[in-house]
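Hi,

Here is the model I said I would pass on.

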Amino acid sequence: SAPIGKSAVGYGFTAPPEGDLWRAIDTAAQMRPFHPLKLRVEDAAWDRRERMETFFIRHLKLPDTKFYRDVSRLFFMAGISRIYLPGNKFDHVFVIEGAQGGGKSTFLRYLAMDDRYFGELNVDLADQKLVMEHTQGKFILEIAELTAVKRSEIESIKSYITATADEARLAYDRKVTKIKRGYLLCATTNESGNYLKDPTGNRRFIPMWTPTSLDDPIDLEAVKREVPQVWAEARIMFKEWQAELGLKAHECPPLILPRDSMKKAVAEASLRSAADPIDMVAEVIEEWLDKPVPKSTLSPDGFLRADESDDIVIRSVVTVAGVLRECYGQMPGAIGGLPVRANDIQEALRRLGWENTRSWATTRKVTITNENGKQVRTNAWVRKGSGAQEIRYGYRVVRGESDEPPRERHKKRPGSDLI
């Protein structure tokens, strides 16, 4: 404020409120924006030596194959796109597997070009505000030790990977802030199998196993020396790729692997999948459903009419109770723990392509009846592609009469839920 009196001090103006100062600083910053990673990438003049496609192969000691060349190229193309075109579609995570002490995390930290632009993703992904605060200003984020991720967290990770922007109301802000993704997601693990816990999301992970270890680590000094040049090369290659596809500067090429390499990535990821209990149930049930049996086996009392032939058949209609009783030897409603639940059987049948008759209420007018015309099994599961007669009788003939001796046909067999 203005000085008053001879001994008073001051600067001749009144200081504005602190809130106004912060808003002024924010406005000034937005009027003069700059991207520190762009400056780093553009400051390095590429020496025209090609390093990008073999970078992972040389430093992670991977086999020199087309697959790993495609993966290495995709990593750097995705990185450049996230610097120059943030928010573009890219829903893959690069996974580096290898023994502890090999330098996997430091390798990623050097690729970020500065420690300030590297971080670990160790926050609750469901908390968008926390995620934004943790990822702001980062270029490469590491999901450390992927094996520690719980199955219950998989859905959050899947939705997080596929997002192109983060949106939340930050601390002390009055409105929601939306920030386009400008970073790459990577992961490291000491395991080489059974760390992917959701088969439906495996295509998002691109695994690479490195033989490096504490005794034979990654040459991190060589990585550090080469990083500026490989990013400079990637910038030039990205611009040439855009020109080749006839794209404008603000348009991003498709950040995907070629078809053959994508198939290889999916196959590699499937080898890392943890066993799904439903798939195990489906495997047991499928073997039982597709096993040919004499028709008399499916008769409720084990008898056939005199004019009937004991053909070899497979089941075309089942119920959950029937699967529990005949496939697993369990009585539905029995007291005590059961090895398999009814809900698991329903999901297994659905995965095997069987249809539930409850879903036919509005789409198909099919009634399952017995020989007397009485309707039966209002909640059954039907083999896909079964005809009306196969649905009615519950089986499909696969070949002629059984060679089983006639006397064996008339032995009392366990009850069946099939007609």
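In the largest nonpolar core, which has 52 residues, the ones touching the most other members are Phe56, Phe75, Phe76, Phe107, Leu111 and Trp231. (A nonpolar core here is a set of buried Ala, Val, Leu, Ile, Met, Phe, Trp, Tyr and Cys residues joined through side-chain atoms within 4.5 Å; buried means under 20% relative accessible area, with a 1.4 Å probe and protein chains only.) H4 gives the most to this core, 10 residues. Helices are DSSP runs of H or I with at least four residues, strands are E runs of at least two, and both are numbered from the N terminus.

Another core lies apart from it, with 18 residues, including Val95, Leu121, Tyr195 and Ala269.

A word on the source: this is a predicted model, where local features need pLDDT of at least 70 and side-chain atom pairs count only at pLDDT 80 or more, while totals for chains, interfaces and linings use all residues. Residues are numbered from 1 along each chain as its sequence is written, and side-chain values use heavy atoms, with hydrogens and water left out.

Back to Phe76: setting aside neighbours within four places in sequence, it is in contact (heavy atoms within 4.5 Å) with Met52, Phe55, Phe56, Leu111, Val230, Trp231 and Ala234.

H4 (residues 66-84) also meets H2 (residues 36-43): their axes come within 9 Å and cross at roughly 125°. Axes are lines fitted to C-alpha atoms over the stretch in contact, with angles from 0 to 180 degrees between N-to-C directions. Leu37, Lys38, Val41 and Glu42 of H2 make the contact with Ile80, Ile83 and Tyr84 of H4.

Overall, the protein has 14 helices and 13 strands, and 43% of its 419 residues are buried.

Cheers

Key. Buried < 20%, exposed > 50% of the residue type's maximum accessible area, 1.4 Å probe, protein only.
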